[in-house]
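Reader: Hello! Could you take a close look at one part of this protein for me, and tell me what surrounds it?

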Amino acid sequence: MKKVTTMLMALILFPVLALAAMLNGTVVKVDKDKKEIVVKTDKGQETVAFTNTTKGAEKAREGTRVTINFRQDGEKLVASEIAVSGADPKTPPSRGGEADTKTPPSERPSQPSLPPIQPR
């Protein structure tokens, strides 16, 4: 009886697991009107549709690296989650702290200068 139950569970769960997949690549284009993202992968370009319930779709921008969890719906790939794995290319890199953007550079306190290093 256990073998039959195990076999039935495997037959039920296997198709569900086979439908979910993952895609890694760089966003080439985001079309919010069509609700599609074009991603360049190692194997070429893939077009993935997204819905109002797709997590992280609003974070996908051209040039960002993404990991997309999707399912196959006929001929269409439909994203369930989009995770951005790199920094937004339009955002300047951080310098490790909060930048003082409100105070003009001429009014900011100067950094103490260090004496030159003398060779031995």
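Author: Happy to. Residues 24 or more positions apart make up 47% of the contacts in the protein chain with a separation of 6 or more, where contact means heavy atoms within 4.5 Å. This is a predicted model, in which local features need pLDDT of at least 70 and side-chain atom pairs count only at pLDDT 80 or more, while totals for chains, interfaces and linings use all residues. Residues are numbered from 1 along each chain as its sequence is written, and side-chain values use heavy atoms, with hydrogens and water left out.

The predictor's confidence in each residue, pLDDT, runs from 0 to 100. Its mean over the protein chain is 77, and 59% of the residues reach 70 or more. Please be careful with residues 91-97: pLDDT stays under 50 there, and the model gives them zero contacts beyond four places in sequence.

From the N terminus on, the elements run α-β-β-β-β-β. Helices (H or I, at least four residues) and strands (E, at least two) are DSSP runs, numbered from the N terminus.

The part I would pick is strand 3. Strand 2 and strand 3 (residues 44-49) pair in the antiparallel sense over six bridges; two strands pair if DSSP finds at least two bridges between them. A hairpin of two residues links strand 2 to strand 3, and V38 stands opposite T47 in strand 3. Strand 3 also runs parallel to strand 5, joined by two bridges, with A49 opposite V78 in strand 5.

Within strand 3 lies E46. Is E46 buried, exposed or partly exposed? E46 counts as partly exposed because its relative accessible area is 33%: buried means under 20%, exposed over 50%, and partly exposed in between (1.4 Å probe, protein chains only). Leaving aside neighbours within four places in sequence, E46 is in contact with L23, I37, V38, V39 and L77. G25 is 21 residues from E46 in sequence, and their C-alpha atoms are 9.2 Å apart.

A nonpolar core is a set of buried Ala, Val, Leu, Ile, Met, Phe, Trp, Tyr and Cys residues joined through side-chain atoms within 4.5 Å. The largest one has 14 residues, and I37, I68 and I82 touch the most other members. Two or more residues each come from strand 1 (20-31), strand 2 (36-41), strand 4 (65-73) and strand 5 (76-84). Beyond four places in sequence, the contacts of I82 include I37, V66 and I68.
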